[in-house]
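Thank you all for making time this morning.

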Amino acid sequence: MQGMGETAGEACPFEFNFDEKTFKPGDTVSYRVGGSLEGFPFVGTLVEVHADFVLIAGDPNEPDKHYRGTRESRPFVEYAEV
């Protein structure tokens with residue numbers, strides 16, 4: 001995610017875990033949302049990791065709100081969750 005800052009070549013300030021096999025609570029992930037938010041990248045922190053889904057804290061203004069996402073390199077969250 002190069003070039004996201006004002007300075008040319010500036011790196012993204014986040015370090016993401018894209019390996020769903022190594023997900024653990026506290027990891028920062030890039031996740032996707034369906035519906036009208038399709039195509040926009042979102043950043044969140046894994047709260048829980050299960051065999052087939054994850055719980056993501058994705059809204060810093062609502063830290064107790066968690067989104068259920070798929071367990072894949074960039075979890076997918078249904079639009080209704082957000």
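This is a predicted model: local features need pLDDT of at least 70, side-chain atom pairs count only at pLDDT 80 or more; totals for chains, interfaces and linings use all residues.

Because glutamate 72 lies in the loop between β4 and β5, whereas arginine 32 belongs to strand β1, the pair ties together parts that are 40 residues apart in sequence. Glutamate 72 is itself partly exposed, at 32% relative accessibility.

How many salt bridges does a search of the whole structure find? There are two, and the other one to mention joins lysine 24 to aspartate 27, with 2.9 Å between the closest N and O atoms. Is aspartate 27 buried or exposed? Its relative accessible area is 8%, and since the cut-off for buried is under 20%, aspartate 27 is buried, while lysine 24, at 47%, counts as partly exposed. Aspartate 27 also takes part in a polar contact of 2.8 Å with the side chain of asparagine 17. That asparagine 17 sits in the segment before β1 and is buried, at 15% relative accessibility. If we leave out residues up to four places away in sequence, asparagine 17 touches several others, among them Thr22, Phe23, Val29 and Ser73.

Let me return to strand β1, which covers residues 28–33 and includes serine 30. Serine 30 counts as buried, with a relative accessibility of 4%, and its side chain makes a polar contact of 3.0 Å with the side chain of arginine 74. Beyond its neighbours within four places in sequence, serine 30 is in contact with residues including Phe16, Phe18, Phe42 and Pro75.

Now to the aromatic rings, where a search of the whole structure finds four pairs. In one of them, the rings of tyrosine 31 and phenylalanine 42 have centres 5.6 Å apart and planes at 25°, so this pair is stacked. Tyrosine 31 is buried, at 2% relative accessibility, whereas phenylalanine 42, at 23%, counts as partly exposed. Tyrosine 31 also pairs with tyrosine 67, and because the ring centres are 6.2 Å apart and the planes are at 45°, that pair is tilted. It again links distant parts of the chain, with tyrosine 67 in strand β4, 36 residues from tyrosine 31, and tyrosine 67 is buried, at 5%. Separately, Phe14, Phe16 and Phe18 form one aromatic cluster, and arginine 68 lies over the face of phenylalanine 53, at 3.6 Å from the ring centre.

Which residues make up the largest nonpolar core? There are nine, namely Phe23, Val29, Tyr31, Val33, Leu46, Val54, Ile56, Tyr67 and Val77. Strands β1 and β3 each supply at least two residues of this core, and β1 gives the most, with three. In soluble globular proteins, nonpolar side chains tend to be buried together. One member, isoleucine 56, touches Tyr31, Leu46, Tyr67 and Val77, among others, not counting residues up to four places away in sequence.

That is where I will stop, and I am happy to take questions.

Terms used. Residues are numbered from 1 along each chain as its sequence is written. Side-chain values use heavy atoms; hydrogens and water are left out. Helices (H or I, at least four residues) and strands (E, at least two) are DSSP runs, numbered from the N terminus. Buried means under 20% relative accessible area, exposed over 50%, partly exposed in between (1.4 Å probe, protein chains only). A polar contact is a pair of N or O atoms within 3.5 Å; within protein, one must be able to donate a hydrogen and the other to accept it, and residues adjacent in sequence count only if both atoms are side-chain atoms. Contact means heavy atoms within 4.5 Å. Rings of Phe, Tyr and Trp (its six-membered ring) pair if their centres lie within 6.5 Å; planes under 30 degrees apart count as stacked, over 60 as edge-to-face and the rest as tilted. A charge sits over a ring if NZ of Lys or CZ of Arg is within 6 Å of the ring centre and within 35 degrees of the ring normal. A nonpolar core is a set of buried Ala, Val, Leu, Ile, Met, Phe, Trp, Tyr and Cys residues joined through side-chain atoms within 4.5 Å. A salt bridge is a side-chain nitrogen of Lys or Arg within 4 Å of a carboxyl oxygen of Asp or Glu.
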